[in-house]
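Subject: Structure for you to look at

Dear colleague,

I am handing over the structure below, together with some notes on what was found in it. Please read the notes with the structure open beside you.

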Amino acid sequence: MSTNLGAGRPPRRIIVGVGAGIAVYKVPAVVRHFVKAGDSVRVMPTEASLNFVGKATWQALSGAPAHTGVFDEEAGVDHVEAARGADLIVIAPATADLIARIHAGLAGDLLTTTVLASTAPVLLVPAMHTAMWNNPATKHNVEQLRARGIHILEPVSGDLSSGDKGAGRMPEPEAIWQRAEEILAAGQNGPVRDLEGVKAFVTAGGTREPIDPVRFVGNHSSGRQGAAIAQALVERGAEVTLFSANVDDRLIPAGVRVVETPSALQMHQAVLEAAPEHDMGFFVAAVADFRPAKTATKKVKKSAANEDGWSLEMVRNPDILAETAKAFPGLLCVGFAAETGSDEEILEFGRAKARSKGAKYIAINRVGGGLGFGTLDNQVVVVDGEGNEVLSTSGSKLEVARAIVALASGHSETQNR
Ligand code: PMT
């Protein structure tokens with residue numbers, strides 16, 4: 001992806017701010033991404049960050065001086081110049097200290113002065129120990145910065161440099177530049193059209209498993225998250241088919257082909273038939289794992305036989321995602337996992353699904369108690385097929401969808417065909 005982004009457009013001016021954290025080792029790949037894309041990159045490390053990676057590395061990678069202070073010998077007052085001309089400021093890792101200083105509007109070094117003097121969009125990529133990330137002071141600073149319009153790419157959970165496990169790990173370089181590209185595109189020519197010529201399908205909504213002509217076994221999925229994924233795919237230029245399980249037409253974005261698949265068996269058949277024609281599949285539908293063993297052809301009436309109650313025999317439905325991923329290994333599959341329980345349980349259940357279903361990614365979201373189903377917002381942790389966290393994001397369902405599609409599009413072998 002990084003090699004052909006720059007084709008046919010003037011270089012963008014990117015400032016990469018570097019905080020003092022062990023995650024600094026991931027930042028050279030971000031700098032390289034923009035340099036390869038033909039952009040003009042200025043790295044502004046904090047003084048403390050030079051303990052991890054020195055100026056020589058940043059200068060060699062960016063081809064530009066990497067100053068730390070406003071009064072550095074040749075730097076002069078160029079922070080105003082740099083701030084004024086920037087298209088984007090990416091700060092990674094954004095330490096708790098750096099976040100606090102930016103929040104307070106301090107300007108003690110070149111990076112913070114530049115942020116203060118700039119009107120360019122800012123992307124902060126926090127990385128720190130879980131205890132610091134969860135500290136009310138950091139939470140407050142992050143929320144305030146978000147409210148001021150600063151973009152935050154949230155840390156993911158995993159092994160920390162301290163030996164502990166938890167939230168605080170900086171996302172991988174790909175996730176950082178994908179998000180940066182989204183922000184740049186939104187401010188310039190609209191979304192990145194890197195999925196032109198790519199055929200994608202989305203399953204959305206909740207299946208209804210018929211009991212008789214008037215009753216069904218169903219769930220609370222509205223189809224909003226699936227429709228948002230379809231929209232994010234269309235924005236990037238993909239040709240999209242949506243397998244709709246009872247999704248209100250008004251939610252479905254323009255330009256999407258809709259195939260009605262109200263029950264799990266109908267969706268199963270339609271998806272397996274269509275899969276060979278597609279490059280990517282997003283499995284967002286809440287598919288019933290079980291269906292009534294028999295569907296009555298006439299309405300089941302109250303009678304002496306069911307006076308005291310009525311038992312319904314249920315049989316297993318096929319697992320559409322698992323079967324499709326197995327049958328079509330060339331198809332890039334992204335699944336969702338709807339989970340309930342503690343944070344740890346949710347992650348563990350989601351990771352188990354990631355390992356068993358054969359998808360490239362699984363987006364894990366909490367459902368129930370007013371979350372997930374039918375809501376306007378969502379919060380997901382995305383894991384890869386081995387269960388490693390690669391992205392954590394929250395916001396409107398469309399924002400979440402854009403982040404997931406950006407991640408998946410970075411791995412589409414079919415992109416830019
Ligand atoms: O539609 P909304 O109201 O916007 O709500 C969104 C959502 C909560 C439904 C969505 O974000 C979500 O979590 N979708 C997945 C729901 C689900 O069925 O999760 P699951 O953990 O049971 O299944 C895991 C994955 O396997 C899913 O990708 C699912 O589509 C797929 N699956 C499950 C069962 C089955 N028989 N076939 C499948 O393909």
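A polar contact, as the term is used here, is a pair of N or O atoms within 3.5 Å, where one must be able to donate a hydrogen and the other to accept it. Please keep in mind throughout that this is a predicted model.

With that cut-off in hand, consider threonine 207, which sits in the loop between strand E8 (199-205) and strand E9 (209-210). A polar atom of the threonine 207 side chain lies 2.9 Å from the backbone nitrogen of alanine 288, and the side chains of threonine 207 and glutamate 209 are joined by a polar contact of 2.8 Å. Is threonine 207 buried or exposed? Threonine 207 counts as buried because its relative accessibility is 0%. Beyond its neighbours within four places in sequence, the residues in contact with threonine 207 include Val217, Gly218, Asn246, Pro262, Ala286 and Ala288.

With a relative accessibility of 35%, leucine 312 counts as partly exposed. Together with Phe290, Trp310 and Met314, Leu312 forms a nonpolar patch on the surface, and the accessible area of these residues together is about 360 Å².

Turning to the strands, there is an open sheet of 5 strands, paired in parallel and ordered E2-E1-E3-E4-E5. Its edge strands, each of which pairs on one side only, are strand E2 (40-45) and strand E5 (151-152). Strand E1 runs parallel to E2, to which it is joined by 6 bridges, and valine 18 has proline 45 in E2 as its bridge partner. Strand E1 (residues 13-18) also pairs in the parallel sense with strand E3 (residues 88-94), over 4 bridges, and here valine 16 has valine 90 in E3 as its bridge partner. E1 is mostly covered, with 5 of its 6 residues buried.

Finally, there is helix H4 (residues 96-104), whose buried residues are Ala96, Leu98, Ile99, Arg101, Ile102 and His103. What do the buried residues of H4 pack against? Their partners are E3, helix H5 (110-117), strand E4 (122-126), helix H6 (130-134) and helix H7 (136-147). Just after H4 comes glycine 105, which takes a positive phi of about 75°.

With best regards

How values were computed: Residues numbered from 1 in each chain as written. Predicted model: local features only at pLDDT ≥ 70, side-chain atom pairs only at ≥ 80, totals over all residues. Heavy atoms only, no water. Helix = DSSP H or I, 4+ residues; strand = E, 2+ residues; numbered from the N terminus. Buried < 20%, exposed > 50% of the residue type's maximum accessible area, 1.4 Å probe, protein only. Contact = heavy atoms within 4.5 Å. Patch = residues over 30% accessible without salt bridge, like charges linked within 9 Å, V, L, I, M, F, W, Y side chains within 5 Å. Areas by Shrake-Rupley, 256 points an atom, 1.4 Å probe, with all protein chains shown as cover. Salt bridge = Lys/Arg side-chain N within 4 Å of Asp/Glu carboxyl O. Pairing = 2+ DSSP bridges.
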